Amino acid sequence: MSMKRLRRLVLAFALVLGVGGLLSGCTNVTHRANTQDTWQTIQKRKSVVIGLDDTFVPMGFRQKSGKLVGYDIDLARAVFKLYGIKADFQSIDWSMNATELHNGTIDLIWNGYSITPARKKQVAFSDVYLNNDQVLVTLKKNHIKSFADMTGKSLGAQNGSSGYTDIDTYPKLLKNRIKGHSAIPYDQFTDAFIDLNVGRIQGLLIDSTYATYYIKHQKDPSAYRIINGGFPKEQFAAGMRKGDVTMRRKINAGLKRLAANGTLKQINQKWFGSDVDTPLLNGTK
């Protein structure tokens, strides 16, 4: 082997080792970030960054003025106010919420975030603060009164949502019936409702909290039908990195204090009236 070729091989080998070391270093940094307890850092800067889909009414959404409001906005702010910490909110691509969390772009996911087995592998959850259902929303003029009536019809769902996952997890309920045996994915439920209203889709699988609030605020709420079809009940909780054990403990303690002092009940009444299932007020977790 010539000296020139040998030098090329040595340089190539060194480059491979260098890239491998760099990738390994990035992996180690990410691992440390996800196992680190960041409460002291958050407490020192007196602010926490919460990721959300800012179109998810009534949990967290922007009014026409651009102001961010919602059930989870009020609840998160009330919890962190107990500790002298300001809750800041960052709009994210909902399908990338866990990635944003692990990259450190946000400190928490708090936006109608359902607990699922797949998500529990990636994040730690607070105590449950609200129960939820996946429901099918249709227009009454389409004469769809059950999941069976969706046979051959187009179904929409938000990409990255627990409902979108449920469609595949429980195929007998909707997947095996609907057109193409798959849901049309939407980045935002607002876009899905537009398509539902103009007939591009005939059904929309969505959180009951969103469906009830959204339909209530339409010009003609009586035009819609909400159908329960057997998907398991869901539980909303705040999601965080698994290393943030102190933050999890602080959030859980804060939720209990808000339940005890009447603040949680006030927030419930503001956004849902009396029609809401809150475990912390039911004496259960």
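Author: Helix axes here are lines fitted to C-alpha atoms over the stretch in contact, and angles run from 0 to 180 degrees between N-to-C directions. Helices (H or I, at least four residues) and strands (E, at least two) are DSSP runs, numbered from the N terminus. This is a predicted model, in which local features need pLDDT of at least 70 and side-chain atom pairs count only at pLDDT 80 or more, while totals for chains, interfaces and linings use all residues. Residues are numbered from 1 along each chain as its sequence is written, and side-chain values use heavy atoms, with hydrogens and water left out.

Reader: How many helices and strands are there in the protein chain, and what percentage of its residues count as buried?

Author: The protein chain holds eleven helices and 15 strands. Buried means under 20% relative accessible area, exposed over 50%, and partly exposed in between, with a 1.4 Å probe and protein chains only. Of the 285 residues, the share that counts as buried is 46%.

Reader: At what angle do α3 and α10 pack, and is α3 roughly parallel or antiparallel to α10?

Author: Helix α3, residues 71–81, packs against helix α10, residues 263–272, with the axes 10 Å apart and an angle of about 165°. Angles under 35 degrees count as roughly parallel, over 145 as roughly antiparallel, 65 to 115 as roughly perpendicular and the rest as oblique. The angle therefore makes α3, relative to α10, roughly antiparallel.

Reader: Which residues make the contact between α3 and α10, and what is its make-up by class?

Author: With contact meaning heavy atoms within 4.5 Å, α3 contributes Tyr71, Asp74, Leu75 and Ala78, while α10 contributes Thr263, Leu264, Ile267, Asn268, Lys270, Trp271 and Phe272. For the classes, Ala, Val, Leu, Ile, Met, Phe, Trp, Tyr, Cys and Pro count as nonpolar, Asp, Glu, Lys and Arg as charged, and the others, Gly among them, as polar. On that scheme the contact of α3 with α10 has two polar, two charged and seven nonpolar residues.

Reader: How is α3 oriented against α9, and how many nonpolar residues does their contact have?

Author: Helix α9, residues 245–261, packs with α3 at an angle of about 105°, the axes being 9 Å apart. That angle makes α3 roughly perpendicular to α9. Leu75, Ala78, Val79 and Phe80 in α3 meet Met247, Ile251, Gly254, Leu255 and Leu258 in α9. By class, this contact of α3 with α9 has no charged residues, one polar residue and, as the number asked for, eight nonpolar.

Reader: How many of the residues of α3 are buried?

Author: The buried residues of α3 are Tyr71, Asp72, Ile73, Asp74, Leu75, Ala76, Ala78, Val79 and Phe80. The helix α3 is thus mostly covered, and of its eleven residues the buried ones number nine.

Reader: Is Met247 buried or exposed, and which residues does Met247 touch?

Author: Met247 is found in helix α9, and because its relative accessible area is 0%, Met247 is buried. Its C-alpha atom is separated by 9.0 Å from that of Ser126, 121 residues apart along the chain. Not counting residues up to four places away in sequence, Met247 touches Thr38, Trp39, Ile42, Val48, Phe80, Asp107, Leu108 and Met240.

Reader: Where does Ile85 lie, and with which residues is Ile85 in contact?

Author: Ile85 lies in the loop between α3 and β5, residues 86–91, and counts as buried because its relative accessibility is 5%. Ile85 and Gln43, 42 residues apart in sequence, are 6.7 Å apart in space, C-alpha to C-alpha. Leaving aside neighbours within four places in sequence, Ile85 is in contact with Trp39, Ile42, Gln43, Lys46, Ser47, Val48 and Phe80.

Reader: What is the phi of Lys46, and is Lys46 buried or exposed?

Author: Lys46 has its place in the loop between α2 (39–45) and β1 (47–52). At 53% relative accessibility, Lys46 counts as exposed. As a residue other than glycine, Lys46 has a positive phi, with a value near 60°.

Reader: Which residues does a cis peptide bond join, and what is omega there?

Author: Pro58 has its place in the loop between β2 (55–56) and β3 (60–62). The cis peptide bond joins Val57 and Pro58, with omega about -5°.
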